[in-house]
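Subject: Structure handover and notes

Dear colleague,

I am passing on the structure we spoke about, and my notes follow below it. Please read them with the model open beside you.

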Amino acid sequence: MPSGVNAAMIARPSPEQFADIHRRFQAPVSRFDCGKMCAPLNGGEPVCCSTDHAIPIMDKAEYKLLRQKSDLWRPFRPKDKHAREVVSDMATSCIATECKGAKFCERDNRSLACRSFPFFPYLTAKDELIGLSYYWYFEDRCWVISNLGVADAKFVREFIAAYETLFVLDPEERGAFRDQSAAMRRTFSRWRRPIPLIGRDGGYFKILRGGRMVPTDVDTFRKHGPYRSDKIYARAVKEANAAAAT
Ligand code: SF4
Ligand code: SF4
């Protein structure tokens, strides 16, 4: 950063610029209603729409835009130690939020994070945006992660365009996803697993230890937790229903 310039003086994206990103990123992840797959194992609510699992963090300009349009969102009030830590780790340009819940979802007023979930823009060690990977800590709960082939080509195109626009407006955001990608490389290297990736122009890849990107068939990607097979899923739903009835 040049001397005499501080973080507060760097231009931030405006609410209007977030409106433009939202307008151009409307494609759903998939034509399947994936919430119908994870909700039966999460008390009837889609996992990514529950602050017990995921606290939506937004840029303050995005929050301002959504508040101007709707009362769907409000500031998130942490109730436990983990939530307090998430909130205290946030960049000062961000705000932790929560919506009214899946029953009240307003498609046009979803945040960028809602539109993207479970994916994030994957950046290489050389800072190249090569595609989409996913928030790996949701492997055991998010059905899409076990079924990456359901992600639509239109979604992938709009996702990449949205983040390329955002990264020009907000280099800090690019840095945050660069860090996220590096954390994924460390984790998967420890687990001795290749990183699954949807390429920015489509296609499926594995990122090997050392960073080599190898084309692969979507069927080679792992399935996780209750989504490993139809039989395991049916049993998990039965157990969840029985637990709910007691
Ligand atoms: S994206 Fe994943 S967690 Fe969210 S509703 Fe779909 S399957 Fe559930
Ligand atoms: S706005 Fe909709 S998609 Fe986003 S967390 Fe709320 S219910 Fe889920």
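What covers the buried residues of helix H1 includes helix H3 (60-69), helix H5 (112-116) and helix H6 (153-169). Please keep in mind throughout that this is a predicted model.

The buried residues in question, in a helix that spans residues 15-24, are Phe18, Ile21 and His22. Seen down the axis of H1, these buried residues fall within an arc of 100°, so they line one face of the helix. An α-helix has 3.6 residues a turn, so residues three or four places apart point the same way. On the other side of H1, by contrast, Glu16, Arg23 and Arg24 are exposed.

Turning to the strands, there is an open sheet of five, in the order S4-S5-S6-S7-S8, with antiparallel pairing. S4 and strand S8 (213-216) stand at the edges and have a single partner strand each, so one side of each is left without a neighbour in the sheet. Averaged over the sheet, and with direction ignored, neighbouring strands are turned by 40° against each other.

Although S4 stands at an edge, this strand (residues 119-123) is mostly covered, with five of its five residues buried.

The pairing of S4 with S5 (residues 129-134) is antiparallel and is made through five bridges. Within it, the bridge partner of phenylalanine 119 is tyrosine 134 in S5, and phenylalanine 120 stands opposite serine 133 of S5. The two strands form a hairpin with five residues between them, and in the turn aspartate 127 has a positive phi of about 70°.

There are also two ligands to look at. Around ligand 1 the shell includes Cys34, Cys38, Cys48 and Cys142, together with others, among them Met37, Phe117, Pro118 and Trp143; the residues of this shell divide into 11 nonpolar, one polar and no charged. Ligand 2 is surrounded by Cys49, Pro56, Cys99, Gly101, Ala102, Cys105, Arg110 and Cys114, and here the shell comprises six nonpolar residues, one polar and one charged.

With best wishes

Methods:
Residues are numbered from 1 along each chain as its sequence is written. Chains are lettered from A and ligands numbered from 1 in the order in which they are written. This is a predicted model: local features need pLDDT of at least 70, side-chain atom pairs count only at pLDDT 80 or more; totals for chains, interfaces and linings use all residues. A residue is buried if 20 or more other C-beta atoms lie within 10 Å of its own, exposed if 12 or fewer, and partly exposed in between; C-beta atoms are placed from the backbone. Helices (H or I, at least four residues) and strands (E, at least two) are DSSP runs, numbered from the N terminus. The arc is that of the directions from the helix axis to the C-beta atoms. Two residues are in contact if their C-beta atoms, placed from the backbone, lie within 7 Å. A residue is near a molecule or strand if its C-beta atom, placed from the backbone, lies within 6 Å of it. Ala, Val, Leu, Ile, Met, Phe, Trp, Tyr, Cys and Pro count as nonpolar, Asp, Glu, Lys and Arg as charged, and the others, Gly among them, as polar. Two strands pair if DSSP finds at least two bridges between them. Axes are lines fitted to C-alpha atoms, for helices over the stretch in contact, and angles run from 0 to 180 degrees between N-to-C directions.
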